[in-house]
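Hi everyone, thanks for coming. Let's have a look at this one together.

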Amino acid sequence: MMSKEDPYVVLGVSREASADDLKKAYRKLAMQYHPDRNPGDHAAETRFKQVNEAYDILKDEQKRAAFDRFGHAAFEGGGPGAGGFSGFGGGGLGDIFEQMFGDMMGGGRGGGGRARSGGDIRAQVEISLTEAFTGTKAPVRVQTRIACEHCDGTGSETKDRAADLCPTCGGAGKVRAQQGFFLVERACPTCGGAGRKIRNPCTVCRGAGTVARERTLQVAIPAGVEDGTRIRLAGEGEAGGAGVSAGDLYVHVSVREHDIFQRDGANIFCRVPVRMAQAALGGEIEVPVIDGSRTKVKIPAGTQSGHQLRLRGKGFSVLRSAARGDMYIQVAVETPRALSKRQRELLEEFDTEAKDAPGSHTDSEGFFAKVRDFFDGR
Ligand SMILES: [Zn+2]
Ligand SMILES: [Zn+2]
């Protein structure tokens with residue numbers, strides 16, 4: 001379908017624009033809105049189509065004259081003309097694409113087609129928490145399609161490229177059909193717009209231009225990466241075949257749980273058991289740090305179970321930054337088990353003292369005072 005936009009407006013040129021002006025305006029806009037430069041942007045895609053349609057009309061003297069006289073009505077109604085298809089070679093859309101996008105598409109034959117790309121592939125990589133802290137290079141095995149080496153990705157056994165040009169359109173990918181007093185352009189029905197018709201398919205890839213291959217890539221994982229992060233490697237996806245750019249590789253990173261450390265964003269939590277007497281008397285404990293070092297932490301006398309001690313700057317690395325979060329030591333007071341006779345005697349003696357010493361177990365005292373109030377109130 002033709003868009004109803006005025007092609008002069010779409011290309012931003014005057015009614016008197018020369019063929020050269022048109023070509024310049026078209027190239028600039030086509031480059032700007034090309035789908036490869038605007039992946040997933042539907043507005044850009046629509047604009048790209050409009051630009052192509054506008055140029056299709058204005059670059060052709062007959063069509064331009066028809067549009068000038070009748071507007072879009074000139075192109076409405078009527079099926080394919082009786083004149084049949086005729087190939088057109090020099091100056092066709094295909095040639096302009098070749099000039100414009102030849103480099104971008106790896107020098108391949110564009111024919112009349114648009115620049116497409118090979119499929120994206122996904123891969124999974126699992127790393128440890130310490131690797132996530134330091135960053136690492138992880139090997140990622142991917143099943144992918146690469147350009148066939150036998151035919152250089154052309155899909156053709158014949159080295160003579162000219163032999164594979166589509167006989168109907170001569171490689172342009174588009175044909176003109178006579179319709180009344182002007183010609184209408186459409187995708188070539190023989191090659192579907194590709195401009196090529198492989199006569200003698202490659203014996204290795206059977207004409208596809210790509211072959212399946214397993215590759216191992218070393219993927220750089222940045223320090224501070226989080227579980228579930230997706231890393232995109234542009235152009236490492238499937239080869240697209242003849243004259244088509246490769247897709248992208250998406251690596252999904254999962255981070256294994258650690259035996260000692262739990263991570264929450266840039267902070268790290270570490271539960272450290274502390275002996276009952278140690279928690280009561282106070283002292284110093286040595287704790288591990290995610291960077292592989294150790295550090296000493298003072299436990300104040302009377303530390304309760306569940307108390308958190310903060311160690312500034314000993315936490316996790318922050319992505320794309322030299323900063324680090326904090327580490328929290330969560331004290332877990334351990335009640336002794338399997339007591340020796342001597343331990344039992346000492347504890348019994350201690351408990352006798354503690355029972356009659358107000359202020360040594362303030363939580364218990366407070367709690368039982370409330371329990372008394374509860375029963376008295378009934
Ligand atoms: Zn063709
Ligand atoms: Zn091949």
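How many aromatic pairs does the count come to? Five, by a rule that pairs rings of Phe, Tyr and Trp (its six-membered ring) if their centres lie within 6.5 Å. Before I go on: this is a predicted model, where local features need pLDDT of at least 70, side-chain atom pairs count only at pLDDT 80 or more, and totals for chains, interfaces and linings use all residues. Residues are numbered from 1 along each chain as its sequence is written, chains are lettered from A and ligands numbered from 1 in the order in which they are written, and side-chain values use heavy atoms, with hydrogens and water left out.

Now, one of the pairs is Phe133 with Phe316. Their ring centres are 5.6 Å apart and their planes at 75°, so we call the pair edge-to-face (planes over 60 degrees apart; under 30 is stacked, the rest tilted). Phe133 and Phe316 are both buried (under 20% relative accessible area, with exposed over 50% and partly exposed in between, using a 1.4 Å probe and protein chains only).

Next come Phe374 and Phe375, also edge-to-face, with centres 5.1 Å apart and planes at 65°. Phe374 is partly exposed, at 48%, while Phe375 is exposed, at 53%.

On to the metal. Which residues are the protein donors of the zinc ion (ligand 2)? They are Cys148, Cys151, Cys202 and Cys205, each through SG, at 2.2 to 2.3 Å. Donors here are N, O and S atoms within 2.8 Å of the metal (3.2 Å for Na, K and Ca); water is not among the atoms, so sites may look incomplete. In sequence, the donor residues are spaced C-x2-C-x50-C-x2-C. Cys202 and Cys205 are both buried.
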